[in-house]
Amino acid sequence: MTTPATRFLYLLLFLGFAAMLNAAAWWWPNRPLPFGNTAPGEAIGLVKSVSFAPFKRGQSPLTQVYPSRDEINDDLAAVRGVARGVRTYTSREGLEAVPELARRHGLDVIHSAWLGAKANINEQEVEALIDQANRYPDTIKRVIVGNEVLLRKDLTVDQLIGYIRRVKAAVKQPVSYADVWEFWLRNPQLLDEVDFVTVHFLPYWEDVPIAVDHSMPHILDVYNIVQARLPGKPILIGEVGWPSLGRSRRESVPSRHEAASFISDFLRLADAKGMDYNLVEAFDQPWKVALEGTVGGAWGLLDELRHPKYAADGRLSELPNWSIYAALASLIGLILVVLQVNRLVALPPLRMLAGILLAQLGGAALAACIEHGLSHNFSNLRFAEFIIMLTGQAIFAMLLFAEGIDRLAGRAPPSVRFIGLAARLGEIKNFAPLYLPLGNHTISAEKLAEFTRLYRLRLGEWLFTAFALYALYQNIMLSVAGRYRDFPIDYALLPMAGLLLLGLYDRSRGWSLAQAFAATDAAPQRLLLEKALAWLLLCSAVMVVLIERGSNREAVAWSLISASYALPLLLNLTRKARLAAAT
């Protein structure tokens, strides 16, 4: 017979073992690895030019809150360490200070006029570009009149040509227009109006997205096509890059490692082929999330705090601060253990270890939820979603762990007869923590524990249903307007992972908590709603895969997780019907 001291020693040893497993699980996918075709110790060097949009959080063209002169100066100083020049997109909105400040930092400037549907704004842009190009001819080496105007359909080709001719007649620098390569091929008459051709190559955003591994052949093929179809003029690749965060598009996967691989491989290609280029972009831009989803804000060589995203030694960690989240996961797991420590130490050693590992799983899932929420925190709405999902998962983790200890202790779920009694009592409206009146009798401590567990299971059922509804909502939105929406895997993984583990442990009771959920509230209307929810989940998950294609591994993973919420609901329908008849 084991003594209390021995049990406590087992507890400490198992906690240490679980913490080491947790640390290894966080370290392995985030260990520093070489990227692209870089040799050991080789890093991304100084690039020719980067897109320069010096907006910090809370600033954007959308809100018309613009950076100050000092902020622009600081950002140009940060760019000096990664690029020889910058490309702007407007000559107004504070960026009229760029040519003068760039000269101080020894940076060349490709200056631009932003054209759109508003003629008065276009006039101001063109006048500002002409004025600055003539005042800073030593810094502004080239000018661009309009960016993706034809793609957005803000102007006709003839209107655009009118603006190009005005600028070309008024400045000495070479003049161009910038758009994605397809629109240059559709409008070859522009070739006669410009001094050089500015094209955008963004494999991630292609109509048929290109994987990083196939991006360089694709870029070279398209470059050769543009060169052949638009001969006689120099070509500037005005935008080329890869996002480091966001949703996958088929085989195009945004990540720090993929982005670093793309950039290093492209720089090697550009050097070999003598390509002129501008990388998009200098800094991550949180404000673009409102337009393009998470990926829109994650194209920078530097993050939004102006820190380098790609290590100087040619090795890269996908999550450099993984150790913080590993420690957080262990702490959360420890808290779950402390909440049930008396019951946990009463278990046999192997079951005690299983309980501690279950707590660690809950801690890891909650830490992943926190990491996702913080890295995707671009608006008040997203922050509210994060807080709601984190709160729901934290409560569910506690319920799941408490039920896991019950399962490991061999405790049976509330009986059908007891459940029927609880239902007839009107759901125990006079519940008190120490006693429960039952007519003229006082309920025993054992019955009180059963009622407590019954309510715990009931809360778990409602939370599970809420997660299922969240998954359904996400599936619907991904199906009808999914281009800029993320797959919120970290927000939905915990309930299914926990239920699956408990179900594997106690196969006679299937999905464990979900089977326990079946013990309450079996009204015909609820059965009908659960059946509808289950089938909608399955159908919507299939729809997401069909739209995103099976090559999108992130979409497949999300669809499997969201569809799995339907299985407990379907498996419990007949059991709930039996319980309803029995009670």
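**Helices, salt bridges and confidence in a predicted model**

Modeller: Helix H9 (residues 256-273) has 18 residues and spans 26 Å from its first C-alpha to its last, close to the 26 Å expected at 1.5 Å a residue. This is a predicted model, in which local features need pLDDT of at least 70, side-chain atom pairs count only at pLDDT 80 or more, and totals for chains, interfaces and linings use all residues. Residues are numbered from 1 along each chain as its sequence is written, and side-chain values use heavy atoms, with hydrogens and water left out.

Biologist: Which residues of H9 are buried, and what covers them?

Modeller: The buried residues of H9 include Phe262, Phe266 and Leu269. Their cover includes helix H8, strand E8 (235-240), strand E9 (276-279) and strand E10 (315-316).

Biologist: Why is isoleucine 219 called buried?

Modeller: Buried means under 20% relative accessible area, exposed over 50%, and partly exposed in between (1.4 Å probe, protein chains only). Isoleucine 219 has 0% relative accessibility, so the residue counts as buried. Isoleucine 219 lies in helix H8 (residues 215-229). Leaving aside residues up to four places away in sequence, isoleucine 219 touches Phe201, Pro203, Val240, Phe262, Phe266 and Leu269; a contact means heavy atoms within 4.5 Å.

Biologist: How far from isoleucine 219 is leucine 202, in sequence and in space?

Modeller: The two are 17 residues apart in sequence, and their C-alpha atoms are 8.6 Å apart.

Biologist: What makes the pair of glutamate 125 and arginine 92 a salt bridge?

Modeller: The term requires a side-chain nitrogen of Lys or Arg within 4 Å of a carboxyl oxygen of Asp or Glu.

Biologist: Where do arginine 382 and aspartate 486 lie?

Modeller: These two form a salt bridge with closest N and O atoms 3.6 Å apart. Arginine 382 is in helix H14 (residues 380-408), and aspartate 486 is in the loop between helix H16 (445-481) and helix H17 (489-505), 104 residues away. Aspartate 486 counts as buried, because its relative accessibility is 14%. Elsewhere, salt bridges that share partners join Lys56, Asp75 and Arg306 into one network. The structure holds 20 salt bridges.

Biologist: What makes the nonpolar surface patch a patch, and which residues form it?

Modeller: Patches consist of residues with over 30% relative accessible area and no salt bridge, with like charges joined within 9 Å and nonpolar side chains (Val, Leu, Ile, Met, Phe, Trp, Tyr) within 5 Å. Leu331, Leu334, Ile335, Val338, Leu339, Ile395, Met398 and Leu459 make a patch of about 670 Å². Helix H11 (322-339) and H14 each give two or more residues to the patch, and H11 gives the most, with five. Valine 338 has a relative accessible area of 51%, which means that this residue is exposed.

Biologist: How confident is the predictor in the protein, given its mean pLDDT?

Modeller: pLDDT is the predictor's confidence in each residue, from 0 to 100. The mean is 84, and 84% of the residues reach 70 or more. Over residues 416-441, however, the pLDDT is below 50, although the model gives this stretch 40 contacts beyond near neighbours in sequence. The value also stays under 50 over residues 510-521.

Technical notes: Helix = DSSP H or I, 4+ residues; strand = E, 2+ residues; numbered from the N terminus. Areas by Shrake-Rupley, 256 points an atom, 1.4 Å probe, with all protein chains shown as cover. Expected span 1.5 Å × (residues − 1).
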